[in-house]
Each structure stands twice: as C-alpha cells, then as structure tokens.
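Hello,

Here is the structure for you to look over. My notes follow below.

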Amino acid sequence: NLNKILCTFCAILMVLTAFCVTASASSAYQTYVYDVYGEALYSPDAYTAISAVDPKAMGLDVSLENPGDMVTDPDQNVYIADTGNNRIVVLDRYYKVNFTISEFSNDQGVPDRLTAPQGVFVSEPNEKYGKLIWVCDTGSNRIVVFDEFGNFQRIVEEPESSLFDQDSVYKPVAIAVDAYNRLYVVSSTTYQGVIVMTDEGEFTGFIGANKVSYNIVEYVWKNYFMTKAQREQQASFVPTEYHNIYMDPASFIYATNTIFSEYDLLWDVAQPIRRLNGIGNDILIKNDRYPPIGDLYWVEGTVEQGPSKFVDITVLENDIYVALDRTRGRL
C-alpha cells in the first residue's frame with residue numbers, strides 16, 4: 001500500500017543520498033513528537049521500514065541519478081523521474097522494472113527524447129482519456145504525455161500569455177491533473193503562482209501566488225539608504241515559486257515551498273506547506289500550537305542543519321499528509 005511505498009521511498013533516499021540523520025532521532029526511522037513545551041519526545045513508530053530497494057533490486061542496468069520525483073497509481077505501480085538519466089522509470093507493485101521512458105517519436109514522427117525530467121504525474125482514467133503519464137520534461141521546457149504503457153501521445157508546449165514575464169524561461173518541474181483534465185504546473189522560473197492550463201496547453205491563469213519573501217534589514221537598506229542608481233542595479237523582491245505539488249482525491253492541491261526566510265516559519269508567515277482550493281486560497285487546517293513546518297529547532301543560516309525543506313508531499317486517507325524533508329532525509 002501507499003504507506004509501504006512511502007517507507008520504501010524514505011529507505012531509497014537514505015541509501016542513495018546518505019543523508020545524515022541528526023537532532024532528536026537516534027535512528028533513521030525513529031518517530032518523535034513535540035510536547036506542549038516544544039520538547040522532542042520519542043513516540044511509537046508511525047512507519048516501519050520493511051526493506052531498502054536499490055537500483056540493482058529494481059532490475060536497473062543503470063543506477064538512478066538525482067531522481068527528482070516519484071508517484072504511485074491505484075495499482076501500486078511506482079513512477080520515478082530519473083532526472084540525471086533523462087528517463088522515467090516505471091516499477092510494478094513489487095518494485096521491479098516494468099519499463100522505462102526515454103526516447104520516443106514526436107508528433108512529426110521525428111525521433112525525440114526526454115531531457116532532465118523533474119516531475120511526473122499519473123492521471124486516473126476518465127471519459128476523455130485512459131490512464132496517462134504526464135512528464136515535466138524540464139530540460140526541453142515542455143510537458144510530454146504518454147499512455148499507461150509508455151507510448152507517446154502528445155506534447156504540451158509552453159503556454160502563451162501576456163501575464164508571463166518577457167524574460168522568463170518556462171521550466172516545468174511539477175504537475176498535477178484534476179478530474180476535468182486541467183493541468184496545474186509549477187515552473188521553477190515563474191513567480192506568479194501555479195500555472196493552470198487546459199489539457200491542450202491553453203493558459204487559463206495562476207493560483208496561489210506566494211507572498212514576497214525578503215529580509216527586513218535588506219528591505220530597509222534598499223529603500224532608505226541606497227541611491228536610485230544602486231536600487232536599479234539590485235534585483236527586485238519577487239514572490240518565490242513552489243517546489244512541488246500533489247492533488248488529493250477532492251482535487252485540492254497540496255503545495256510545498258522551500259524558499260523562504262527561516263525567521264518567518266514559527267509565525268506561520270513562510271507557510272512551507274499549503275492546501276490550495278480552486279481560486280488559490282490556502283485552506284490547510286492548522287490546529288497545533290506550531291504551524292506545520294517540520295523540525296522546530298535548527299541551526300540558523302546553515303543548509304545541512306537548517307530548517308526543514310519539504311521537496312515532496314502526498315496525502316493518505318482522512319486528509320493525513322506526509323511531506324519529505326530534504327534537510328534531514330525524513331518523513
């Protein structure tokens with residue numbers, strides 16, 4: 001089931017990238033919570049790792065290189081965006097290779113191939129389409145669509161709109177598709193929010209634009225002490241883009257953001273996890289004393305011991321959501 005897949009993903013991440021597990025947990029799979037005083041306490045294990053699946057066990061001749069995304073379908077097949085190897089790896093429920101997607105013939109019948117794909121999504125069959133595999137072909141600035149067997153279907157090119165910055169480059173890194181075949185795309189160079197398109201690539205708008213993130217000292221210095229010439233040479237403060245998205249069964253989008261001021265986390269200003277409705281409002285319920293930010297303690301200004309950075313997220317039953325913390329290699 002999905003719980004086992006999540007555990008396996010965590011194990012794969014531990015094996016492949018050798019993240020260092022520090023702070024309160026004594027082992028890679030130790031579960032802990034925070035009490036009312038913010039102190040870490042060990043708790044019964046939320047998950048138990050059953051195995052570690054490496055590329056050899058999967059049956060891959062070439063090991064994964066910088067995998068960027070992973071999703072599952074209702075049949076428990078696993079889809080991995082193997083970014084460094086320019087391919088999508090499809091595993092069966094036993095984590096054995098079904099097939100890979102890398103080369104294909106495009107709409108003109110010309111040989112084509114994926115280039116550094118960073119995102120993948122599998123849409124459930126509906127009246128218009130069967131089950132489709134949607135790939136963020138990041139290096140080629142496009143979305144490429146395949147059927148459930150890996151056969152090429154079509155290419156969704158960069159959307160056109162006057163709302164895009166003239167100098168921006170379209171770099172899709174994450175995608176979700178709802179029951180009405182609307183596409184929700186995160187572009188790593190687009191700051192207006194999640195891009196919404198029709199299944200044919202027609203741009204319909206943005207939702208969930210991030211708030212502007214800046215350091216207050218930099219803001220005061222720029223606006224009150226710099227000359228006009230100096231200000232013109234500085235980059236403007238712009239909202240940051242999302243890192244990844246996931247669509248729950250009710251078609252709400254869970255989005256993660258990894259670029260923020262760490263001083264904004266405890267005050268629920270950074271909002272690294274959001275649940276967006278159709279008009280882009282954050283409707284994530286927050287009943288705890290602290291907002292959902294992961295670890296409550298970190299070393300300021302550091303990367304390996306800094307705040308939690310959620311690079312992926314999924315939703316289980318009863319609206320329980322699980323986020324992947326890149327900083328510490330934890331769920």
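The protein exposes about 17,400 Å² (Shrake-Rupley method, 1.4 Å probe; for residues, only the protein chains shown count as cover). Carbon and sulfur atoms supply 50% of that area.

This is a predicted model: local features need pLDDT of at least 70, side-chain atom pairs count only at pLDDT 80 or more, and totals for chains, interfaces and linings use all residues. Residues are numbered from 1 along each chain as its sequence is written, and side-chain values use heavy atoms, with hydrogens and water left out.

Overall: four helices and 21 strands (DSSP runs, numbered from the N terminus; helices are H or I of at least four residues, strands E of at least two). Of the 331 residues, 46% count as buried (under 20% relative accessible area; exposed is over 50%, partly exposed in between; 1.4 Å probe, protein chains only).

Two loop residues stand out for backbone geometry. Most residues other than glycine have a negative phi. Q76 is not a glycine, yet its phi is positive, about 70 degrees. Q76 sits between strand 3 (69-72) and strand 4 (78-82). Its relative accessibility is 24%, so Q76 counts as partly exposed. Y95 also has a positive phi, about 65 degrees. Its loop joins strand 5 (87-91) and strand 6 (97-101). Y95 counts as buried because its relative accessibility is 14%.

Last, the loop between strand 12 (152-156) and strand 13 (172-177) holds E158. At 41% relative accessibility, E158 is partly exposed.

Best wishes
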